[in-house]
Amino acid sequence: MHELSIAENIIKSVEQIARQKKLDKIRSVTVEVGPLSGVVEESLEFCFPHAVAASFLDGMELKIESIPFEVSCRHCHRHSSPELLMFLCQHCGSSDVEEVAGRELRIKSIEV
């Protein structure tokens, strides 16, 4: 379960920001997760409270925003969200598409 190490890295990043900004209390951290990031959201949610309990951010809540898989068609120039791993434009059926979203794993915001 690599989600535990991901949770620990999120916490380290937030701790660093809290120290830099001299923040006493962080209420929550919002993380964006795409379906191609390799992260199982439920596993991250499960291990996060255990990981954060070992830090000065104990009690901080994790909020996860799921980012949909999205491609841009080079043929019709439209964006679509096809079924995962179906690299086809939903509008014209072209396979000449570029992935534009779906690999995200980033901190979006911190609530103090």
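1. Contact here means heavy atoms within 4.5 Å. By that rule, and leaving out residues up to four places away in sequence, Glu32 touches Glu65, Ile67, Glu104, Leu105, Arg106 and Lys108.

2. A word on what you're looking at: this is a predicted model, where local features need pLDDT of at least 70, side-chain atom pairs count only at pLDDT 80 or more, and totals for chains, interfaces and linings use all residues. Residues are numbered from 1 along each chain as its sequence is written, and side-chain values use heavy atoms, with hydrogens and water left out.

3. Back to Glu32, which sits in strand E1, residues 28-33 (strands are DSSP runs of E, at least two residues; helices are runs of H or I, at least four; both are numbered from the N terminus). Glu32 counts as buried because its relative accessibility is 11% (buried is under 20% relative accessible area, exposed over 50%, partly exposed in between, with a 1.4 Å probe and protein chains only).

4. Now helix H2, residues 41-52. Buried in H2 are Ser43, Leu44, Cys47, Phe48, Ala51 and Val52. They line one face, because seen down the axis they fall within an arc of 130 degrees (taken from the directions from the helix axis to the C-beta atoms). Helix H1 (3-21), E1 and strand E2 (61-66) are among what covers them. On the other side of H2, Glu42, Phe46 and His50 are exposed.
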